[in-house]
Amino acid sequence: KLGYWGLEDFHLQRLASSFRLLLRHRGVCSEDDFDELKQKTRIVADTLLREAKHLEAPVLMLTILWTPTPGELEISPTLSPRVRGHVAVANVSDKLSEPITACLALPTEPTGEALALLPSRQKRSCEVGPSAKISAWCTSRRPLEGVRFKPQGVDEVLLVRKRADVSEEVDFFASLEVLEGLVSNIFVIYADGTVRTACTSSVLSGYARGVV
């Protein structure tokens, strides 16, 4: 039987908070809980799940989009956007404990200036930053999904940035911090059991981060 991972306690809440941040970025303040949108999302998700049963896959990836109608926000922020979605077979190994191969998203020239030219959720041009899940990021990150950063045999690309607390004299590679993958969160487990991950304000709050 197919079911959802974290739809009610995580994904719907993140959709609402991301949409609220997007509205605020566009000059519209709203304290709406978006209950109507959440209900529409449940209907769309249930419909997609029923229609996807024939895929016979152990894990499916469900994508939901809340899309304002062009010009709608100028009329009223309470007007209900469209709720759209699609479902696809998730490329997940049967043995989730198996290691994967990842590479760092590094520029050809090892400088902070060159690194700043790569796609990043940290950029001001990335609309609301890393804390909201915005579909435009899927387009912005496409250069990182090509063969230069993700050749055959590489499963994930890890985003990095230069630490703000190091001087220019520090070696470029030693000055970097790993943030997250294109489609994954990152946790480092030390020998003493300590778990470290990127600062919450620097990455998207994914489902795995919420569970951990």
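1. Let's begin at the surface: Ile189 counts as exposed because its relative accessibility is 65%, where exposed means over 50% relative accessible area, buried under 20% and partly exposed in between (1.4 Å probe, protein chains only). You'll find Ile189 in strand 6 (residues 188-189). Strands here are DSSP runs of E with at least two residues, helices are runs of H or I with at least four, and both are numbered from the N terminus.

2. A word on what you're looking at: this is a predicted model, where local features need pLDDT of at least 70, side-chain atom pairs count only at pLDDT 80 or more, and totals for chains, interfaces and linings use all residues. Residues are numbered from 1 along each chain as its sequence is written, and side-chain values use heavy atoms, with hydrogens and water left out.

3. For the overall layout, the protein chain has six helices and seven strands. Going along the sequence, you get α-α-β-α-β-β-α-α-β-β-β-β-α. Of its 212 residues, 35% count as buried.

4. Next, the second largest pocket, with a volume of about 280 Å³. A pocket is an open set of points on a 1 Å grid over the protein atoms alone, where a 1.4 Å probe fits, with protein on both sides within 12 Å along at least five of seven lines; lining residues have an atom within 4 Å of a point. The volume is the space filled by probe spheres set on those points, which are joined across faces, edges and corners.

5. Which element gives the most to that lining? Strand 5 (residues 176-181) does, with three residues. The lining divides into eight nonpolar, one polar and three charged residues; Ala, Val, Leu, Ile, Met, Phe, Trp, Tyr, Cys and Pro count as nonpolar, Asp, Glu, Lys and Arg as charged, and the others as polar. Phe187 and Thr197 are among the lining residues. They sit 10 residues apart in sequence and 4.9 Å apart in space, C-alpha to C-alpha. Phe187 is in the loop between strand 5 and strand 6, and its 27% relative accessibility makes it partly exposed.

6. On to charges: the whole structure has seven salt bridges, each a side-chain nitrogen of Lys or Arg within 4 Å of a carboxyl oxygen of Asp or Glu. One of them links Glu36 and Lys40, with the closest N and O atoms 3.7 Å apart. Why are these two about one helical turn apart? Because they are four residues apart in helix 2 (residues 35-51).

7. Two other bridges are worth a look. Glu145 meets Arg141 at 3.0 Å, N to O; Glu145 is partly exposed at 35%, whereas Arg141 is buried at 13%. Glu168 meets Lys162 at 3.2 Å, N to O; here Glu168 is exposed at 62% and Lys162 partly exposed at 24%.

8. Finally, His11 lies in helix 1 (residues 7-25) and is partly exposed, at 27% relative accessibility. His11 and Gly206 are 195 residues apart in sequence, yet 9.0 Å apart in space, C-alpha to C-alpha.
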